[in-house]
Each structure stands twice: as structure tokens, then as C-alpha cells.
Amino acid sequence: MASRTKVKTLTIDGKRVGARGDATILEVAREHDVYIPTLCFLEGLRPNGGCRMCIVEIEGSNKLQPSCVTQVYEGMEVHTDSERIQNYRKKILQLIFSERNHVCSVCVSNGNCELQDTAQKLGMDHVEYPYLYPHMEVDATHDRFAVDHNRCIMCTRCVRVCEGVEGAYTWDIANRGINAKVITDLNQDWGDSETCTSCGKCVQVCPTGALFEKGKAVAEMKKTRQFLPYLSVMREEEE
């Protein structure tokens with residue numbers, strides 16, 4: 001059967017490109033080696049557009065749109081790296097850094113952290129907002145893993161991989177706003193969870209040092225995510 005997905009033509013940063021009709025701006029940008037920073041997005045996971053790091057400008061719209069969940073259309077004109085976008089991305093990053101504790105020098109993921117990498121790539125050299133430094137707990141009750149809520153940026157990758165790929169539904173979000181936090185089951189210690197399969201997928205997709213494996217040195221904290229696209233496709237086919 002012929003594909004019903006029509007090819008769309010659009011421009012990204014002045015470059016004319018073709019794309020599948022159901023593709024997102026981020027997908028097309030990556031296909032053409034256009035860098036758009038992301039934190040909550042990860043290939044193989046359901047996108048949610050939550051972190052807003054991937055915002056872009058679209059001609060004809062005053063609002064900045066998250067490229068990971070915005071589909072292309074015919075004649076779309078997209079700008080990914082304007083001064084306005086750069087300023088907003090830096091402000092978003094600064095807010096993330098100020099909300100909890102992201103002192104890289106004492107973090108288990110120092111050198112293997114997407115938040116740290118993104119700040120370096122975007123040239124963020126200071127935080128203009130007051131640091132909140134909330135006193136968040138560290139849950140080390142699991143035999144193999146631990147969660148440090150002080151490092152969590154609420155990207156929900158752990159929640160989405162647990163429900164969408166592993167199918168365990170162990171992780172969830174409790175509370176709102178600045179008091180929001182990831183929880184296991186009904187907000188019980190991770191080590192007491194009856195649904196956790198100890199697969200470690202949540203640890204592998206975490207972009208910071210919030211979720212980490214016990215007994216590993218800082219240099220060993222590099223995450224492995226190649227399994228995600230394959231497992232996601234297999235799960236969709238089964239459903």
C-alpha cells in the first residue's frame with residue numbers, strides 16, 4: 001500500500017528542506033544536522049515538550065513553539081537560533097539551575113551530564129536568579145540504584161521510559177510547581193517498590209545525576225540509550 005504521508009517542503013534557518021508530513025520540526029532539523037538543544041526529549045520516548053529547551057520561531061506566530069512536538073506543514077518557515085531564542089533558552093537553563101542543587105563539582109555525573117553539556121554549548125556563564133537550594137532527600141534504599149531529588153530537573157524521562165518502554169508504571173510525579181518530585185509507586189521508598197523490575201532503564205535515560213547506579217565512579221556514569229528506539233518500536237508492534 002502506498003504511504004499516505006505526503007512530503008512537505010519548508011525552510012529551516014533559510015535552508016529549503018523536504019520532510020515527511022507527520023515529522024516534527026526537531027526530527028527534520030536533526031536529519032539536516034541543525035542543532036536544537038533538548039533536555040526532556042529523548043529518541044525512543046514519547047515527547048512531551050516539557051522543558052522548552054527546543055523552542056523555535058515560526059514565521060506568522062508570535063509564540064515560540066517546542067520543536068519536539070510541533071509537526072511541520074507546507075511552506076513553514078522555522079528559525080532555530082535567533083537572538084530571541086538564545087536569550088529564552090539561557091533563561092530557562094538558569095531557572096533550572098537555580099531551582100535545585102546543580103553544583104557540578106560534587107555531582108556523581110560530573111562530565112557525563114546533559115544539563116552540564118547544554119549549559120556549556122549555550123554559553124551560560126552565570127545564573128541571574130537566586131538559588132533556592134531546597135532540602136530534598138536522597139533515596140538509596142534500592143539495592144542497585146539511588147535517586148537524588150536535589151539533581152532532578154523534572155524532565156520525566158524516567159516516568160515515560162518506565163510506563164512506555166518497560167511497562168512497569170513505577171515512576172510518577174507528585175505535587176506541583178516547585179514542590180513537584182518523581183516518586184515510586186505511592187510515594188514509598190524505591191527499595192520497597194513492588195512494581196519496580198530493577199531494569200535500570202530510568203537510570204540510563206536520566207540526563208543528570210538524579211538517578212544513578214551505586215558503586216560506580218564518576219568516570220563510569222556514562223549512560224547507554226541505544227536500546228530505546230528498538231524497544232519502543234517492538235512495544236508498539238506488540239500493541
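Biologist: Which residue forms a salt bridge with Asp148?

Modeller: This is a predicted model, in which local features need pLDDT of at least 70, side-chain atom pairs count only at pLDDT 80 or more, and totals for chains, interfaces and linings use all residues. Residues are numbered from 1 along each chain as its sequence is written, and side-chain values use heavy atoms, with hydrogens and water left out. A salt bridge is a side-chain nitrogen of Lys or Arg within 4 Å of a carboxyl oxygen of Asp or Glu. The closest N and O atoms here are 3.8 Å apart, and the partner of Asp148 is Arg151.

Biologist: Are Asp148 and Arg151 buried or exposed?

Modeller: Buried means under 20% relative accessible area, exposed over 50%, and partly exposed in between (1.4 Å probe, protein chains only). By that rule, both Asp148 and Arg151 are buried.

Biologist: How many salt bridges does a search of the whole structure find?

Modeller: Some of the bridges share partners, and these join Arg20, Asp22, Glu27 and Glu31 into one network. For the whole structure, the search gives eleven.

Biologist: How many residues apart in sequence are the parts that Glu57 and Arg84 tie together?

Modeller: The closest N and O atoms of Glu57 and Arg84 are 3.0 Å apart, in a salt bridge. Helices (H or I, at least four residues) and strands (E, at least two) are DSSP runs, numbered from the N terminus. Glu57 lies in strand E3 (residues 55-58) and Arg84 in helix H2 (residues 83-99), so the separation is 27 residues.

Biologist: Where does Glu128 lie?

Modeller: Glu128 meets Lys91 in a salt bridge of 3.5 Å, N to O. Lys91 is partly exposed at 36% relative accessibility, and Glu128 is partly exposed at 45%. The two are 37 residues apart, with Lys91 in helix H2 and Glu128 in the loop between helix H3 (114-121) and strand E6 (138-139).
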